[in-house]
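Welcome! Have a look first, then try each task before reading on.

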Amino acid sequence: MQNQDGVQVDGEVESATSVPIPEFDEWANFGDQDIMQQHSAIRAEEAEKIPFLGDKEPLSSLAAEYQSGSAILLEKIKVLGEQYAAIRRTRGDGNCFFRSFMFSYLEHILESQDQSEVDRIKANVEQCRKTLQSLGYADFTFEDFFALFLEQLDSVLQGNEASISHDELILRSRDQSVSDYVVMFFRFVTSGEIRKRAEFFEPFILGLTNATVEQFCKSSVEPMGEESDHVHITALSDALGVPIRVVYLDRSSCDTGGVSVNHHDFIPAGSDLPNASGGSEKVSPFITLLYRPGHYDILYPK
Amino acid sequence: MAEDKYNLKNPAVKRILQEVKEMQSNPSDDFMSLPLEENIFDWQFAIRGPSETEFEGGIYHGRIQLPAEYPFKPPSFMLLTPNGRFETQTKICLSISNHHPEHWQPSWSVRTALVALIAFMPTNPNGALGSVEYKKEERRSLAIKSRAAAPRYGTTERQKLIDEIHECMLSKVPPVPQLSPSQDSKEHPSNREGNVQVSSQNDGATPAGEAAAEGSPNPAVGDRIVEEVQEAPLNGNPGPEVARTLNAAPSSGSSQLLQRPEMKVQKPADDRLFTWAAVGLTIAIMVLLFKKFMKSSGHGAVFMDGS
């Protein structure tokens, strides 16, 4: 069931590429170079179709996508429409979760001008830096990525010479030399958090891939283009202390008859949020992502 | 050096300059690497053949090309010095790491890759692209040759850099281990038999399970290095760790000198070798049987350092 969803959602992303696969006499000759060339060719083609970050679209555009599709999905999109006004798509390049998070977070800061939130996350970022250092990462391997994120953070706060507009934020999010660096920053933060709390994450990782924590970070967190799962989301949310809501749009239906859309809130564990001790209920995420099997986009509440 | 020529806003340039700085402030005895003055995306390097292997004492030059998207895309490597393990002037890229190229990660660096490359030298190529499988004797004679002169390659500026690196490495890397004095002094043919005998004894040691078990600890050490290598490029900053392993692994004791006499054999492979090898193998088996007999009768310690 879920697979069909995946195909439908990702169909445009994965199967429609028309990059010719060159003929090889022998597979032995199909070296790394060829694989990488083909990869970048596919990526390049992908890039023409959808930017790293799309424009804000009304939710009706989502419904249009499923016009001839599943009735359950159309029902669910209708339900979504009651709470959410718009969607902003991200490119399906495996970095969509991190990219969605990046823009959503920076946009929130730009709009709220929440200086205390910026101060708070900066403290967490410093903590992440120490985590990586204690895990044995050489400074030069991650500091550029950290610096670039902090730079973006400062520039969305208004009133200094580096300040940028909302339009500029969109442009930067579409610019590979900024966007990918921030994505990579999040990957470092996520990897550091998972390694630091390896005991906590181990059972989840085993459930996902049957890999060790170390292997998982090496193969599924740090390399660009590796898709994110709830492990990544939990780790990033915990490390930065930012709650994230993920709304699930899939074909699962409930028995009660009425269609509802599930969501899950990732609330940072042991964070220094003022009300973290009491109930996680009180913390309401300002980042909402729409999950369709294999892909994350940004949702805007009404 | 090249700071003014490059756009420091370019993140790849920034990163590469940082790596150059890091490389210069933490020099290693095992390798040396510098970018060309005219293009910091193009580096020359030399690595030292790992000790206790047939590459010991060798100085192997190569070229690294960093992509414009570095560190998001991996650097590519090629060797310029004939070495008997990797083809020369052929990109070895990441095939050596047994990992899919898209699994390159920005937390790795030129340093990490060089350390991995050194660690890969003594491993079995398993038919990987860009790999060759020469005999130990040939590799050893290439190691000797590698010190004599740096390879000729590219522009004069590049050649200058290669020569500079070569000089510097020569001062750091002790020469290829020599024949031991006792063997050296004898030059008559019967000496050959002695050499062949010991080397084939060692070759024969691996298939004969008992011999390996009672003989040198090398198979185990070899395995350990291979394991380290598979892991090597993946660590956040595995550089020193692997380097340490490489240096530390074989230092398990002077007994190794006795057990690995082939380290001292310098003669290149030779057709007559096969004839002698057959003779040597026979003798070796007898020696091993004798050793085993001695061991079982309680006199083993004399020959085997109590192993």
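**Exercise 1.** Does B:Gln89 count as buried or exposed, and why?

*Solution.* Begin with the ground rules. This is a predicted model, in which local features need pLDDT of at least 70 and side-chain atom pairs count only at pLDDT 80 or more, while totals for chains, interfaces and linings use all residues. Residues are numbered from 1 along each chain as its sequence is written, and chains are lettered from A and ligands numbered from 1 in the order in which they are written.

Next comes the cut-off: a residue is buried if 20 or more other C-beta atoms lie within 10 Å of its own, exposed if 12 or fewer, and partly exposed in between, with C-beta atoms placed from the backbone. B:Gln89 has 11 C-beta neighbours inside 10 Å, so B:Gln89 counts as exposed.

Now place B:Gln89 in the chain. Helices (H or I, at least four residues) and strands (E, at least two) are DSSP runs, numbered from the N terminus. B:Gln89 sits in the loop between E4 and helix H2 (110–120) of chain B. Its phi is positive, about 55°, although B:Gln89 is not a glycine.

**Exercise 2.** Find a residue of chain A other than glycine with a positive phi, and describe its surroundings.

*Solution.* Recall that most residues other than glycine have a negative phi, and most peptide bonds are trans. A:Asn210 has a phi near 60°. Its place is the loop between helix H10 (198–209) and helix H11 (213–221) of chain A. A:Asn210 is exposed, because 9 other C-beta atoms lie within 10 Å.

For a cis peptide bond, turn to chain B: one joins B:Tyr70 and B:Pro71, with omega about 5°. B:Pro71 belongs to the loop between strand E3 (59–65) and strand E4 (76–79) of chain B.

**Exercise 3.** Describe the sheet of chain B, strand by strand.

*Solution.* Start with the order. The sheet is open and has 4 strands, E1-E2-E3-E4, with antiparallel pairing; two strands pair if DSSP finds at least two bridges between them. Strand E1 (31–36) and E4 of chain B are at the edges, each with a single partner strand, so one side of each has no neighbour in the sheet. From one strand to the next the twist averages 25°; such angles run from 0 to 180 degrees between N-to-C directions, and axes are lines fitted to C-alpha atoms, for helices over the stretch in contact.

Then look at the pairs. Strand E2 (residues 39–48) of chain B pairs with E3(B) over 7 bridges, and B:Arg48 stands opposite B:Ile59 in E3(B). H2(B) packs on the sheet and touches E1, E2, E3 and E4 of chain B, its direction making about 30° with that of E2(B). E3(B) pairs with E4(B) over 4 bridges, where B:Arg63 is opposite B:Met78 in E4(B).

Finish with the faces. In a regular strand the side chains alternate between the two faces of the sheet. In E4(B), B:Phe77 and B:Leu79 form the covered face, and B:Ser76 and B:Met78 the uncovered one.

**Exercise 4.** How do helix H5 and helix H7 of chain A pack?

*Solution.* Chain A has 12 helices and 6 strands. Two of the helices, H5 (residues 96–112) and H7 (residues 139–156), pack at an angle of about 30° with their axes 8 Å apart. H5(A) is therefore roughly parallel to H7(A), as angles under 35 degrees count as roughly parallel, over 145 as roughly antiparallel, 65 to 115 as roughly perpendicular and the rest as oblique.

Which residues make the contact? H5(A) gives A:Leu106, A:Ile109 and A:Leu110, and H7(A) gives A:Gln152, A:Leu153 and A:Val156; a contact needs C-beta atoms, placed from the backbone, within 7 Å. They divide into 5 nonpolar, 1 polar and no charged. Here Ala, Val, Leu, Ile, Met, Phe, Trp, Tyr, Cys and Pro count as nonpolar, Asp, Glu, Lys and Arg as charged, and the others, Gly among them, as polar.

**Exercise 5.** How many residues of helix H12 of chain A are buried?

*Solution.* In H12(A) (residues 230–240), 10 of the 11 residues are buried, including A:Val231, A:Ile233 and A:Leu236. A:Gly241 follows H12(A), with a positive phi near 70°.

Definitions and conventions. Two residues are in contact if their C-beta atoms, placed from the backbone, lie within 7 Å.
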